[in-house]
Number of protein chains: 6
Amino acid sequence: MYGKFLIFSGQSHRSLAEDICGHLGLRVGESKTIKFSNENLMVQIEENVREADVFVVQTAAPPLHQNIFELLIMLDALKSASAARVTAVIPYFPYVRSDKKDRPRISITARLMADLITAAGADRVLTMDLHAAQIQGFFRCPADQLQAINLMCDHLKRRDLTDAVLVASDAGEAKDVARYTNRLDLPMAIIDKRRDGDDEEPRAAHIIGDIKGRSCILVDDEIASGGTLLRATELLLERGAREVCGVATHAVLSGRALERIQSSPISEVIVTDTIPIPQEKRIDKLKVISVARMLADAIRSIHDGTSVSALFR
Amino acid sequence: MYGKFLIFSGQSHRSLAEDICGHLGLRVGESKTIKFSNENLMVQIEENVREADVFVVQTAAPPLHQNIFELLIMLDALKSASAARVTAVIPYFPYVRSDKKDRPRISITARLMADLITAAGADRVLTMDLHAAQIQGFFRCPADQLQAINLMCDHLKRRDLTDAVLVASDAGEAKDVARYTNRLDLPMAIIDKRRDGDDEEPRAAHIIGDIKGRSCILVDDEIASGGTLLRATELLLERGAREVCGVATHAVLSGRALERIQSSPISEVIVTDTIPIPQEKRIDKLKVISVARMLADAIRSIHDGTSVSALFR
Amino acid sequence: MYGKFLIFSGQSHRSLAEDICGHLGLRVGESKTIKFSNENLMVQIEENVREADVFVVQTAAPPLHQNIFELLIMLDALKSASAARVTAVIPYFPYVRSDKKDRPRISITARLMADLITAAGADRVLTMDLHAAQIQGFFRCPADQLQAINLMCDHLKRRDLTDAVLVASDAGEAKDVARYTNRLDLPMAIIDKRRDGDDEEPRAAHIIGDIKGRSCILVDDEIASGGTLLRATELLLERGAREVCGVATHAVLSGRALERIQSSPISEVIVTDTIPIPQEKRIDKLKVISVARMLADAIRSIHDGTSVSALFR
Amino acid sequence: MYGKFLIFSGQSHRSLAEDICGHLGLRVGESKTIKFSNENLMVQIEENVREADVFVVQTAAPPLHQNIFELLIMLDALKSASAARVTAVIPYFPYVRSDKKDRPRISITARLMADLITAAGADRVLTMDLHAAQIQGFFRCPADQLQAINLMCDHLKRRDLTDAVLVASDAGEAKDVARYTNRLDLPMAIIDKRRDGDDEEPRAAHIIGDIKGRSCILVDDEIASGGTLLRATELLLERGAREVCGVATHAVLSGRALERIQSSPISEVIVTDTIPIPQEKRIDKLKVISVARMLADAIRSIHDGTSVSALFR
Amino acid sequence: MYGKFLIFSGQSHRSLAEDICGHLGLRVGESKTIKFSNENLMVQIEENVREADVFVVQTAAPPLHQNIFELLIMLDALKSASAARVTAVIPYFPYVRSDKKDRPRISITARLMADLITAAGADRVLTMDLHAAQIQGFFRCPADQLQAINLMCDHLKRRDLTDAVLVASDAGEAKDVARYTNRLDLPMAIIDKRRDGDDEEPRAAHIIGDIKGRSCILVDDEIASGGTLLRATELLLERGAREVCGVATHAVLSGRALERIQSSPISEVIVTDTIPIPQEKRIDKLKVISVARMLADAIRSIHDGTSVSALFR
Amino acid sequence: MYGKFLIFSGQSHRSLAEDICGHLGLRVGESKTIKFSNENLMVQIEENVREADVFVVQTAAPPLHQNIFELLIMLDALKSASAARVTAVIPYFPYVRSDKKDRPRISITARLMADLITAAGADRVLTMDLHAAQIQGFFRCPADQLQAINLMCDHLKRRDLTDAVLVASDAGEAKDVARYTNRLDLPMAIIDKRRDGDDEEPRAAHIIGDIKGRSCILVDDEIASGGTLLRATELLLERGAREVCGVATHAVLSGRALERIQSSPISEVIVTDTIPIPQEKRIDKLKVISVARMLADAIRSIHDGTSVSALFR
């Protein structure tokens, strides 16, 4: 269908792009991003892309807005350089939690991101574990969403799950946790949170379901500052859990998240590398599972026109 | 901002349109829908709409696809008749549960609906209780979403809620139920369902949370065939609930739903009139709360340019 | 140009899709349409369509709006499943007679249909005998229009046409009839109709042209309820025609059309199978000519990139 | 609804724009069109149009393509100068007969024109007597189509119509002629034309209907070179017509049309001023009826938001 | 035309927004921007904007990409909150020098910015001194461009200009400098630069025009790192200029620009406040002219629908 | 990537299309343009173009607007005839100097042209020496811009350039001239023009840079009426230039340009054939360099998907 098969990388997560290319027997396409003193970026694609099937790997990592913009510029440069098809490969989609209008006069920014990415020239998008399944409907172009659940469950199954229980850190996560309970055939519990007023932070009221003496696995789609995860861990232990570990696809780990994890009673945190985690951040408690092969398989499948869903059955 | 203020009605729910107009001191705009022997519809708007601020009330009631097309045709006719602004008022949005791609090669039909409605000429949409909050992001035009929760809670508060518990019929509903628990300051329980295989129907495995001896309030956004609701009712009673009632905004009540409700042990089902429920269907167990005033208030607010969110605080 | 060559069928006319596939040596693509109790449809495409050249066969047959909607859902599902090109094959185009604004504030619904079909994802359209040639200009995508006139004339030529005359049932049909007169080298007559008021039905005033003692062939693009055709037949016989037969591409045959044809003095009605005519409806007077090969040839031509117009010269 | 009410004129038919403004008590808006030596046009709008309701009068008169581009440039200039709404008033729409694809690989140029006019910035269009009613469906913006039939019939009624017959110059015109027969309660006749081959010019074969000894009124939408009209006149007189006159909205009168009319046996040709007819061309046989008031009434109605269709009932 | 008149401010240059509001007798609209630990922004518009005429002031100042996204998010929030019209007021337009494709496979990022701003919901744009006049053609919406030249010349005229010469720092600036020479009736000189290879930095070769013993005024549209300006100053002084000062609308002043200016032999640098210059950066050599009144006048003019160009004649 | 490789030609410059085809070993595609008496054009593409990679050669030559329109019709006809990709090859782009809004309420017509060309169906554009590099940003589709500078410099280098100086006819051209100075390693001079009032023509005030006794080469992008070129020539000779020649890519040569060149003291004018220059116009002083091979190379490169920029390094 298409000519050359090329994968370019923005600056947000070059090692992931290299790993993906490694699995595919390709090298990362030549491009150069210069940042001028006025912060302006200049991206030059340094090889011919006419009629090529091009993939650009960029993830929502810091510096966040610069990286989003670098992606938009690359899409524009590739499209106007006559690439036949440009696929934005965005393992962690930016602003994925701004997916609804839960207060007046705010932006559904995940939808805005989808619009900007197509306005800049993306013909398709490949992403992973969106905060809500409905977000796939925000894209005007074909969008494939991969899920880390298989990788995660494979890892979890190596543990002793005899008395394990999967825990949702609030009711909103129950749906996602249910996918794990089904796969692992484990019971579920939910931390019931309440708000005292519209602008108040929710506080954990009690725990629905049985966690006493059990090994709790907290499941979430992302860990940002770690606050939610660690408060839940403390609550579970207080209420009698034997042990707590956490599972989350996207390791944002902003602010002092790593220090807090390290010093908290949580036993392990299992994440993927959709966001770069440099070697010095890979503390003992953090188990990082690579999504590079999964992304590589999906990219090859998109390029070859074979079924992506068949890959992950 | 706009000239005349006009409200038209499709054929799906004329009494609601009349109730809305009643609250606003308007009459329903003149229009005529003819159905030819080949099923083709011909809608003629029978009053001048140039530069008018027009609202069209149509809901996702049977005959579903004919009603969808009547709406699309009305939008097109109004727009090409030079209405200044056309707002589609769709209390129950069609295909609202087709909001994600949970199996390969299906359509996110709620997104398609949003696209068709704007393609036909709608400048804005007013709807109620979408299955997921993210669906608001499917619209390319401004879309207001009203919520029946206040009306529902006002009604529930009249009951004795001493030992009541709010129940989600599966983990996916937990988030919506949490909004009720917060408002009513009641505990929550969740029916934990499992699938034995990808294509299997989920079956209720057990109940998370305490329901024994309690009055259970099952909360959902819609009741279609009633199967989910009634199976949950039976399970809850089996497991020791004292009594079960149901709350759902959209009373689809398809197939033999009403008969099943009538003959089931459920004590009451509280719904709204986003979908027409003719007098003969208004059985004792069914409590129907009207959304006409809420919609009328929102329509006036949209017409006047005052804050819709302020209305419902 | 494209990868796999696939033809899917909606539910409106599966036998035609099968006949087309038969001519092409293909099987109909695997897909499944489920109708839920709330009338919602769920279409699942059951084979990989990535980068494929896909055709979807659906015609404007009852249940009309459900079938149109099934087509829109299939287009959306195919497009978001990454089909390279999706062609909507619509032998009888819906709302084809709603092609002008002949009264105030109505919708040009054929144009709306064209817009909805492209909004849902069609890259091109293949259709037959549009009510007016101008309708081709309603499409924003390439649209091929086939004509049944050759098939019809081949059939008519087998009859004794010595004293035959082609008759337009009103002045608006004269243009189409003229194409037949030219092809068959026969004279023409026109039934001159008048309206007594804007909202009155037109009534046949007199006949322009010579039909006395002649065999009359009434030509139209479609037969809906049959009223126009049979009233014209009676008039022609009253005014001295020896015999009357009818020719029309699209056999809508709504309401009691078949019974009325059977009991009328018309001798034969020649139609095509752009709309399904089940065996039990194939009464003696009805001669059904298949368009399956013509559509198959055009589809192959579109797939191969050869000239469609050359096919029908 | 809108601010200032302004009417600008291109160079194609300034006197019509002035007549329209006269009826409305406005002056033609200030603008200047310069043509450089390289044929490039530069249009400057010379008064403030911000937030104004602007109409631009331009018709399809020679130099045709320069006039089309002057219109497109004016629309662009007005829109980018922040006019609130721009209505293109195009009494004779360019390329109106290129409305279908009657041979392979041609452009439906009337549709292209509609697209170009909206691409250049028109928010709506006001035009007259399109060659086919379906053309209204080519516009993506609201489009009003006025009809000269009332003006024409008022004029014809002043004649003695006792033995008159309305004649269509070929079958394609029969539909339009039928509108006149109904209005004037007169009989109809049709000139039956045949082509000997696909690329041959059609030749008049015979006349359907009775014209002997009658006064024939040939009705068409436009007169270009006059060939069709004058050949029909000769044929009708040959076959025994007592007298022939012609009626056509758009007086293109290209090439030697006027001389041919003057020297032909046709008694009168009734046209409108949708295209400029300078005084020296207003020969005796030509009766020119002004559409200025009709256009002025429609423009005022569009500006005021009152019903345009009501004007012409 | 519009309802309420509201001006909101992003975080890039709140003092300018306040100055503009001061001139207009308005207060800055209430809005709140929160930055989460994962860098995500959440903007909430805190007053009703339905049907309002809204302006958002944001300039291309550091942190550049965060400010761009804050603007895009605000536009989206305002538009989906039903503002009637949203004007992006962007005194210094981001990426304004990325306005052409002067090497292969780069993005014309100024065009991309224009597209993103309209994709996010801006109905119009107000900006100042674009790097090239052609950039105005990048916008699909009406865009007003103001020019600081009048303010600058008023300031320069207060100096003794007897022996002054305006100098372009390279041939590309000659066109802009010519606008000053004409206004001030002064001679011009140009620094002629050459590149030794495609990827080499250009070096000043010689000076075209007479600068010996003269007071040189270097004119540019922006000062980024100051390198160009200060190298030109040194060259001019070397070649015999008596004195050098600089004029530039946009004071980017990135990196060590201010220190370099302070310690350089340049006598004065005249800039505007399109970019914030905090008090501590306002060194003696820097003369800052405010554009707040000019922007305020233009905003009022846009709101009132009066001529913006008339303001600046 | 694409099927057949076809090049069609409009009527503006058929000999260039033939020369391009000659270099590519192709024949010009069969098409026919008919001009009716009412000036309407009818273009028929006379060979199958389904799935083909089609190029259409048309330049901005007289009759200008007819030629632009012929191009738009051809693009529309090709696209609706299912060409896979249509590239408009426009050596001299129409309205290229209407590229900015240098007075109020005018159209940036070059941008409008870009919009019309994409609205009509062009998938990409190939053009040469746009008046300003920024114009490339006007296109929504990929647009390649070739430059004649290499051809021109190759020609100039054959002359004795010992004492040559490159001259810009006003400050606006300095940037373009600088590209030549760099390539040829020659000095530059600029004619400094002033306007006495906004609506006055600019007059040459003096010359910046040294031209005395030198051979002057005036560089511009186009020669229209020749006024600018010849007035500059006279001025240069008056001020002591030894000799003057001119270089310009686009030889518009409108009005009496050729006669004026012939009778002027200019020694030579070097142009290309982006605009047709018939044999009788090829006067001695005019040196015409063909761009056919350059365009042919670029077209082949676009078709093959190889780098166009690599061609011209």
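Predicted model: local features only at pLDDT ≥ 70, side-chain atom pairs only at ≥ 80, totals over all residues.

**Where chain E meets chain A**

Q: How much area do chain E and chain A bury between them?
A: The size of an interface is often expressed as the accessible area that is lost when the parts come together. Here the contact draws 46 residues from chain E and 46 residues from chain A. Of the area buried between the two chains, 58% lies on carbon and sulfur atoms, and the total is about 3,700 Å².

Q: Which residues in chain E lose the most area to chain A?
A: Three residues account together for 19% of what the chain E side buries. These residues, which lose the most area to chain A, are H65(E), F69(E) and R105(E).

Q: Which element supplies the largest share of the side of chain E that touches chain A?
A: Strand 3 (41-45), helix 2 (64-80) and helix 3 (109-120) of chain E each supply at least two residues of that side. By class, the side has 26 nonpolar, 12 polar and eight charged residues. The largest share, 10 residues, comes from helix 2 of chain E.

Q: How far apart are the nearest C-alpha atoms of chain A and chain D?
A: Chain A and chain D do not touch, and neither do chain B and chain F. For chain A and chain D, the distance between the nearest C-alpha atoms is 19 Å.

Terms used
Residues numbered from 1 in each chain as written. Chains lettered and ligands numbered in written order. Heavy atoms only, no water. Contact = heavy atoms within 4.5 Å. Buried area = accessible area lost by both parts, 1.4 Å probe. Helix = DSSP H or I, 4+ residues; strand = E, 2+ residues; numbered from the N terminus. Nonpolar A, V, L, I, M, F, W, Y, C, P; charged D, E, K, R; others polar.
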